[in-house]
Each structure stands twice: as C-alpha cells, then as structure tokens.
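Student: I have a new model open and would like to learn how to read it. Could you walk me through its features one at a time?

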Amino acid sequence: QLEGTWTLTKFEVADNTGQLVAVRAKAQLTYDAFGNLSIRGVLEEPLPGQKTVTDAPALAYTGKAVIDTARKEMVLTGTSSTVEPDPSLLAKIGPENPRRYEFGDGTLTISVMNASGGAISRATFRK
C-alpha cells in the first residue's frame, strides 16, 4: 500500500504551544518493494517561530524504512543525508523520532512523534 511515489499536499509543524500549524512546503516521497525510502522536500515559508527560510534544503535523504503494520509505525534505519538539511526542521522530523502512518482515501499521512507521544509534525501525501 505504501509502495510508489507520493506528493506532499499538506505539511504541519508544532508551534511553541504544541499546536500543529500548516507550513507551505513541497516534497515527494518514494517507497519501493525493498523497503527503500526517499524523501526530497523544501520549505516555502518559515517554520513557526522563525522569521526566514534558511538556504539549506528542508529535507533530502534516503534509507530503509521498517514498517510495523500492527502498530502503524515506520522506523527509518540506515538513513543517509545527501545534503545537510535545515537544522530547525531536522529537530522536528529527525530520523530518530518515531513515525506513525495512516492511509485515507488515496492519501498517506505520516506523523512524527515526540517522546511523550505527541505529534511534532504531520505530512499528508497523495499518489
């Protein structure tokens, strides 16, 4: 179900109060039958609490994704960065953070969770 190429339709990041706020961004996620995951994306506006978008690409990495279908979780393993991502975004969506996923009507939503189980970012994709 995850296999294929997905295009970002909505990206949300937690602000300093913990509320998810929509941030304009472009991204593409590709997952293949061998568990290889590739994500490329850029921010089009600053994250909550920032005044500008940095010159660094928001996100560009590849690696393996281990899927736990029972828990609907995704763990990134062996991730390698092709460019140095924006440090403020990496703090919100770093590969060490657990991810929960769910499928909707033609959509894939991935939520990056903090240690206490709250969403610190949420990305919605469409095939």
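**Reading the fold**

Tutor: Gladly; let us begin with the order of elements. From the N terminus on, the chain runs β-β-β-β-β-β-α-β-β-β. That is one helix and nine strands, where helices (H or I, at least four residues) and strands (E, at least two) are DSSP runs, numbered from the N terminus. This is a predicted model, so local features need pLDDT of at least 70 and side-chain atom pairs count only at pLDDT 80 or more, while totals for chains, interfaces and linings use all residues. Residues are numbered from 1 along each chain as its sequence is written, and side-chain values use heavy atoms, with hydrogens and water left out.

Student: What percentage of the 127 residues of the chain count as buried?

Tutor: Buried means under 20% relative accessible area, exposed over 50%, and partly exposed in between (1.4 Å probe, protein chains only). Here 37% of the 127 residues count as buried.

Student: How should I read salt bridges, and how many does the structure hold?

Tutor: Side chains of opposite charge can pair when their charged atoms come close. The term salt bridge is used for a side-chain nitrogen of Lys or Arg within 4 Å of a carboxyl oxygen of Asp or Glu. The structure holds six of them. One joins E12 and R122, with the closest N and O atoms 2.9 Å apart. E12 lies in strand β1 (residues 4–14) and R122 in strand β9 (residues 119–126), so this pair ties together parts that are 110 residues apart in sequence.

Student: Which side chain meets that of E73 in a salt bridge at 3.6 Å?

Tutor: That is R100, the distance being taken from N to O. E73 lies in strand β6 (residues 73–81) and R100 in strand β7 (residues 99–103), so the pair ties together parts that are 27 residues apart in sequence. E73 also forms a salt bridge with R71, where the closest N and O atoms are 3.5 Å apart. As for accessibility, E73 is buried at 14%, R71 is exposed at 55%, and R100 is partly exposed at 38%.

Student: Now the nonpolar core: which residues touch the most other members?

Tutor: In soluble globular proteins, nonpolar side chains tend to be buried together. A nonpolar core is a set of buried Ala, Val, Leu, Ile, Met, Phe, Trp, Tyr and Cys residues joined through side-chain atoms within 4.5 Å. The largest one has 23 residues, of which F11, L29, L37, M74, L108 and F125 touch the most other members. Elements giving two or more residues to this core are β1, β3 (25–31), β4 (36–43), β5 (59–68), β6, β8 (107–113) and β9. Apart from neighbours within four places in sequence, the contacts of F125 include W6, L8, A27, L29, L108 and I110.

Student: Where is T124, and is T124 buried or exposed?

Tutor: T124 is in strand β9 and counts as buried, at 15% relative accessibility. Beyond neighbours within four places in sequence, the contacts of T124 include T7, K10, T107 and T109.

Technical notes. Contact = heavy atoms within 4.5 Å.
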